[in-house]
Amino acid sequence: MSQRLDAIRDCLEGVVPAIMATCSADGTPNVAYLSQTEYVDGQHVALSYQFFNTTRRNILENPNARLVVTHPHTAERYRLQLRYLRTETAGPLFERMKAKLAGIASHTGMSGVFRLLGSDVYRVFDVERVPGVALAPSPPPRANLLAALRATATRLASCRDLDALFNETLACLESQFDVRHAMLLLLDGSGSHLYTIASRGYAQSGVGSEIPLGQGVIGVAAREATPIRIGYMTLEYTYGRAIRAAAAANGLAAALETEIPLPGLAESASQLAVPIRAAGRLLGVLYVESTQNLRFGYDDEDALVALGGQLGAAMLALQGADAGEDIPAPEPAAGCADSAPVVVRHYAADDSVFLDDDYLIKGVAGSIFWALVRDHVETGRNTFSNRELRLDSRIRLPDLSDNLEARLILLRRRLNERGACVRLDKAGRGRLQLTATRPLTLVEVGPS
């Protein structure tokens, strides 16, 4: 090629529609605008297949085509020589393009018209610059992403436990990448949904909120194990009310009582969700968003995919290692035996826990909390080890991949956010201490 394909990826963002030229078997030419072009790798692009029109008929008869793409800032044009290979109607590439097309359709007022039928994959044989003068210089990058990645890698390498790792990741996204709204979600041991373990930039942290696999940008990125990026706001890939409406429509209104709202921008224009993977399996999703259109490009996606890989490797290295320094146990907070007791209510059906009428947590974290407070009330214990919790049959950890330390982080953060009368603190390597500032009354509610 006279020009590297990866050097013109900004031309493939869909800001300026591409122009495609095809020819039928009898030699009749056709020129049409194209909604979407997706960079696949250094030798392939994918084009959106939305309608069975003249372009589609021509490609099936004659697989050779020409494509002209335009740089959104400089107006420089490039001509690509293509040959059609195949159409994908499911999988990571299709889902990436489907999400992007939804944003483009919403931005152009074509939500009821644009619908992706398939991703047509083409081999690129040549890329040449169309003669002409650039109308404007390309704007400087918001940040040097390679330098940002290097600085972040150095800081993450110094983390000695998961809590510090999660906090440092989100701090680096803001200080190094200028990303001010982000969240980190982990895969539940059941493999059916993700739960929020940390967030940054939101009024409410949403720690403990859940997203099913396949729901929105985050859920699709997890299900397909591929980055999903949207440059314009679209209702199809937003959360909040949409999730609540779906739950109510499916007769799950009762479950909303224990729903922790997912954090997120009300007017989120750009979204990027990157799967966190290590040792061939999914661990979670790193999600960033912005109110600015087209805030995240291909380079941002590459940088966060690399960050996600390092984060996944660090999580596996720290998982179950209890790699914290030996620290003295904190002094127990002064309790008040004369104060009114708090009713801790546990629902066995889903391990949801309430403190009086205030919902705390459910699932594995709920079963951990219930086991701890039961032992505390019944035996007076206040110090526990991670090892005994892993072996405790009452907790029912799904498997070794369901990280106990991550669940304890989730539980500690929920207790702190709620200003609860129960606190969990680290008490040394692989140990934690439970402190209750008010008497606890335990109530077990069996499955209905």
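## Helix α5

Helix α5 (residues 216-224) is mostly covered, with eight of its nine residues buried. Buried means under 20% relative accessible area, exposed means over 50%, and partly exposed lies in between (1.4 Å probe, protein chains only). Helices (H or I, at least four residues) and strands (E, at least two) are DSSP runs, numbered from the N terminus. The buried residues of α5 are G216, V217, I218, G219, V220, A221, A222 and E224. Just after α5, A225 takes a positive phi of about 55°.

## Basis of the model

This is a predicted model, in which local features need pLDDT of at least 70, side-chain atom pairs count only at pLDDT 80 or more, and totals for chains, interfaces and linings use all residues. Residues are numbered from 1 along each chain as its sequence is written, and side-chain values use heavy atoms, with hydrogens and water left out.

## Overall build

The protein has ten helices and 20 strands. Of its 448 residues, 49% are buried. Contact means heavy atoms within 4.5 Å. Among contacts between residues at least 6 apart in sequence, 67% join residues at least 24 apart.

The accessible surface comes to about 20300 Å². Carbon and sulfur atoms account for 51% of that surface. Accessible areas come from the Shrake-Rupley method with a 1.4 Å probe; for residues, only the protein chains shown count as cover.

## Nonpolar cores

In soluble globular proteins, nonpolar side chains tend to be buried together. A nonpolar core here is a set of buried Ala, Val, Leu, Ile, Met, Phe, Trp, Tyr and Cys residues joined through side-chain atoms within 4.5 Å. The largest such core holds 65 residues. L165, F166, L173, F177, I197, M315 and F369 touch the most other members. Helix α8 (residues 363-379) gives the most to this core, with eight residues. Apart from it lies another core, of 22 residues, among them L5, L12, V69 and Y122.

Two residues show the packing in detail. Leaving out residues up to four places away in sequence, L173 touches D178, V179, A182, L286, V288, L304 and L307. L304 sits in helix α7. L304 counts as buried because its relative accessibility is 4%. With the sequence neighbours up to four places away again left out, L304 touches L173, F177, L272, V274 and V288. L304 and P275 are 29 residues apart in sequence and 9.4 Å apart in space, C-alpha to C-alpha.

## Largest pocket

A pocket is found on a 1 Å grid over the protein atoms alone. It is an open set of points where a 1.4 Å probe fits, with protein on both sides within 12 Å along at least five of seven lines; lining residues have an atom within 4 Å of a point. Grid points are joined across faces, edges and corners, and a volume is the space filled by probe spheres set on the points.

The largest pocket has a volume of about 710 Å³. It is lined by 24 residues, and D10, H73, L294, G297 and D300 are the closest to its centre. Helix α7 (residues 298-318) supplies the largest share of the lining, three residues. By class, the lining has eleven nonpolar, five polar and eight charged residues. Ala, Val, Leu, Ile, Met, Phe, Trp, Tyr, Cys and Pro count as nonpolar, Asp, Glu, Lys and Arg as charged, and the others, Gly among them, as polar.

## Y298 in helix α7

Y298 is found in helix α7. Y298 counts as buried because its relative accessibility is 4%. Its C-alpha atom is 6.9 Å from that of R9, 289 residues apart along the chain. Leaving aside neighbours within four places in sequence, Y298 is in contact with R9, L12, E13, T37, E38, Y39, K100 and R229.

## Loop residues

Most residues other than glycine have a negative phi. A75, which is not a glycine, has a positive phi near 70°. A75 lies in the loop between β5 (64-70) and β6 (77-88). At 33% relative accessibility, A75 counts as partly exposed. D356 also has a positive phi, about 55°. D356 lies in the loop between β15 (352-355) and β16 (358-361). At 31% relative accessibility, D356 counts as partly exposed.

G264 is found in the loop between α6 (241-249) and β12 (270-278). G264 is partly exposed, with a relative accessible area of 42%. Leaving aside neighbours within four places in sequence, G264 is in contact with M183, Y202 and E289. The C-alpha atoms of G264 and M183, 81 residues apart along the chain, are separated by 8.8 Å.
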